Amino acid sequence: MDLSKMSALFPKPLMAESSDQEKIPSRHLAAAAVAEGESCEFGSTKYFALCAFGGVLSCGITHTAITPLDLVKCRLQVDKEKYKSVGNGFKMAVAEGGAAGLFLGWAPTLIGYSMQGLCKFGFYEVFKDMYSKAIGEENTYLYKTSLYLAASASAEFFADIALSPMECCKVRIQTSPTGTFPRTLRGAFPKILAEEGVGGFYKSIVPLWGRQIPYTMMKFACFERTVEALYANVVPKPRAECSKGEQLVVTFAAGYIAGVFCAIVSHPADTLVSYLNKAKGSGVGDAVKVLGWNGLWGGLVPRIFMIGTLTALQWFIYDGVKVQLGLPRPPPPEMPESLKIKMGLAQQ
């Protein structure tokens, strides 16, 4: 019998592990090969590319689906005298443009948020893996919330650069009075480019960062920690024993909880983005003076409903894509053995 072949089937039952291997974090060792039922290695280029594709579907589909609610929310923010409430906003939108009027801005929404989703989810996975390797296994466990916050903030910085031109077109299409601005992307984009140049697409990039970076940090960090809390305190069995369907239910619930917090922390900046994209020549300071404290919180209720539902669906779609494509879905980092020894928690 060839013992060398036998040893390949088991975790080195006949030989001691080398000192080099002991230094490699166990999570990285587990990701070094494609597990049964998975389509790629965790942390591989293919893995990151497919995560980005999942982000395209996650953000592009969901944001486009709620275009009517987004349209009313934007109009409530920029013209509170005309649009008194959510119900009134829907009624006036239909009266002015028919049922089709509720979907004004769907094209820049679909393109812009698909591009944003690609960067948001794809880069989040890249930065999370990169930062985790940089700080080591023990610090990854000890400071995992900070890791989630740093990775998501880094990803959103680039995601907003990709989103900003289409967001600018969308808001102008949705909030400009009838007859004063094109109602389609093919008319809006060249008009802004001709009148304001490339800079016109990025004049609200700072408040966009102010809205999206806190939103995304909350979206990812709150989601990750809520998932951990649900499995620890609510779900009656370990994650490994849950079916994929049951895991997706937990994903949806955690996504909705995260979405509520996302809406609250990012709402004032969201109002500024809507106002600045409508008001030519206005700065952030001018917008704050005009809107006032109460005005900055206009449209919060519909946005909580919109963002809560949106975030839950985005995580559900993203995790669902991972399941369907056979991507690795590793559990949250566990306390490494070396840290257990340092803290006196290792079994004697």
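In which helix is the place of Leu110?

A: Leu110 is placed in helix 7, which covers residues 106-142; helices are DSSP runs of H or I with at least four residues, strands are runs of E with at least two, and both are numbered from the N terminus. The model is a predicted one, in which local features need pLDDT of at least 70 and side-chain atom pairs count only at pLDDT 80 or more, while totals for chains, interfaces and linings use all residues. Residues are numbered from 1 along each chain as its sequence is written, and side-chain values use heavy atoms, with hydrogens and water left out.

Leu110 has a relative accessible area of 33% and is therefore partly exposed (buried is under 20%, exposed over 50%, partly exposed in between, with a 1.4 Å probe and protein chains only). Together with Phe103, Trp106, Ile111 and Met115, Leu110 makes a nonpolar surface patch of about 450 Å². Patches consist of residues with over 30% relative accessible area and no salt bridge, nonpolar side chains (Val, Leu, Ile, Met, Phe, Trp, Tyr) being joined within 5 Å and like charges within 9 Å. The areas come from the Shrake-Rupley method with a 1.4 Å probe, and for residues only the protein chains shown count as cover.

Now the charged pairs. Side chains of opposite charge can pair when their charged atoms come close. A salt bridge here is a side-chain nitrogen of Lys or Arg within 4 Å of a carboxyl oxygen of Asp or Glu, and the count by this rule is 16.

One of them joins Lys170 to Asp70, with 2.7 Å between the closest N and O atoms. Lys170 belongs to helix 8 (residues 144-175) and Asp70 to helix 5 (residues 67-78), so this pair ties together parts 100 residues apart in sequence. Lys170 is buried at 1% relative accessibility, and Asp70 is buried at 11%.

Helix 8 also holds Arg172, whose partner Glu196 lies in helix 9 (residues 185-196), so parts 24 residues apart in sequence are tied together. Arg172 is buried, with a relative accessible area of 3%, whereas Glu196 is partly exposed at 27%.

A further salt bridge, between Asp319 and Arg329, has its closest N and O atoms 2.9 Å apart. Asp319 sits in helix 13 (residues 300-324) and Arg329 in the loop between helix 13 and helix 14 (337-342), so the parts tied together are 10 residues apart in sequence. Both Asp319 and Arg329 are buried.

Finally, salt bridges link Arg75, Lys82 and Glu96 in a network.
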